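The following note sets out several points on the strand pairing, packing and local geometry of the model shown below. It is written for a reader who wishes to check each point against the coordinates.

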Amino acid sequence: MRGNAEAHELIAPGSLTDVLELLAAAPGQWTPIAGGTELMVAHAAGKLSASKLVSLWGVPELRFIEATPGTVVIGAGTTFSDLRVDATIATEFPLLDKAASWIGAIANQTRATIGGNLVNGSPAADSSPALLVYDAELEMVSVRGRRRIAYAEFHTGYKCCALAADELLLAVHLPRRFAQHRQYIRKVGTRRAMAIAKVALAATALLRDDVISEIRLAAASLAPFPTRLVRTEAVVLGRAITPDRIQEARQALLAEAKPIDDIRSTAEYRRRVGANLLEEFLLGLRPEESVQ
């Protein structure tokens, strides 16, 4: 079955104010579409249920990257190509820079937006693990005003999020304080490129005297939505990285992860690979042994 364009209404107001007024006038009736890399696939397959679409493409208030002394703010309409050519992102947020390179082909990266990637809410979203370990905050906007929440609180269930029916995701806020952290990200898929993640893990850690004083772990495809692995973090926080501690962390991740079986992989495979990625990260934090 293929989609029928005549079954859908698409309008492009062109300004953020006009979009917000439209959403406020009919909450829940209009579905925002930005780059369209998800919704147009659904349309082509005849699975796009939304009958009314409002285009965010070209709304200037949504596409920007701004750096202040303490924060980098990324507009929700910023594409992954925009992220890949930004010097501050590459230097200070290399995990996000790497994740941006995973988004489909170059053509996809020039259309797909960071806001769309987050609101879509896929458990396998490429940008999400990086944003979670960077303590991102999300800014939402409506005619009622603006509000911010931690990104870790944004996803409320499979394909569900904290956006109200009359709200848009406006921007992602990243604190500029990870320069001294050890950072890691890895995605496991069926191919080296253009593949949905079977498992992905991002991590940052700060060590003091060989003890982990800060750590953040986040995964894709290990839960119904992208999530921090806070119980696994607690096992190694404030501890030295020993072989026994690594094994305890593996067991914690195996218990905390709640993946599913689907056409791309099994839940058991995802747990085991997630534990392997965690071990790889922790081993990389250990001080080098003295040369004999």
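1. Two strands are taken to pair if DSSP finds at least two bridges between them. The model under discussion is a predicted one. With that criterion, strand 6 (residues 137-142) and strand 7 are joined by six bridges and run antiparallel. Within this pairing, Ser142 has Gly145 of strand 7 as its bridge partner.

2. The pair belongs to an open sheet of five strands, ordered 4-5-10-6-7 and paired in the antiparallel sense. Strand 4 (65-67) and strand 7 (145-150) form the edges, each pairing on one side only. On average, neighbouring strands of this sheet are turned by 20° against each other, with direction ignored.

3. Helix 1 (residues 16-25) lies across strand 6 and strand 10 (168-175). Its direction makes an angle of about 120° with strand 10.

4. Is Ser142 buried or exposed? This residue, placed in strand 6, has a relative accessible area of 5% and is therefore buried, since buried means under 20%. Apart from residues up to four places away in sequence, Ser142 touches Leu20, Asp166 and Glu167.

5. A further open sheet has three strands in the order 1-3-2, with parallel pairing. Strand 1 (9-11) and strand 2 (31-33) each have a single partner strand, so each is left with one side that has no neighbour in the sheet. Neighbouring strands here are turned by 30° against each other on average, direction ignored.

6. Thr31 stands opposite Leu53 in strand 3.

7. Where is Ser101 placed? Ser101 is found in the loop between helix 5 (94-100) and helix 6 (106-109). Its relative accessibility is 25%, so Ser101 counts as partly exposed. The side chain of Ser101 reaches the backbone oxygen of Lys98 at 2.5 Å. When neighbours within four places in sequence are set aside, Ser101 is in contact with Arg84 and Gln109. Between Ser101 and Thr17 the C-alpha to C-alpha distance is 32 Å, and the two residues are 84 residues apart in sequence.

8. Asp210 has phi near 65°, a positive value in a residue other than glycine. Asp210 lies in the loop between strand 12 (199-208) and strand 13 (211-220). With a relative accessible area of 43%, Asp210 is partly exposed.

9. For Ser221, phi is near 70°, which is again a positive value in a residue other than glycine. The loop between strand 13 and strand 14 (227-228) holds Ser221. Why is Ser221 classed as buried? Ser221 has a relative accessible area of 7%, and this places Ser221 in the buried class because that class covers values under 20%.

Terms used:
Residues numbered from 1 in each chain as written. Predicted model: local features only at pLDDT ≥ 70, side-chain atom pairs only at ≥ 80, totals over all residues. Heavy atoms only, no water. Helix = DSSP H or I, 4+ residues; strand = E, 2+ residues; numbered from the N terminus. Axes fitted to C-alpha atoms, helices over the stretch in contact; angles between N-to-C directions. Contact = heavy atoms within 4.5 Å. Buried < 20%, exposed > 50% of the residue type's maximum accessible area, 1.4 Å probe, protein only. Polar contact = N/O pair within 3.5 Å; in protein donor to acceptor, adjacent residues only side chain to side chain.
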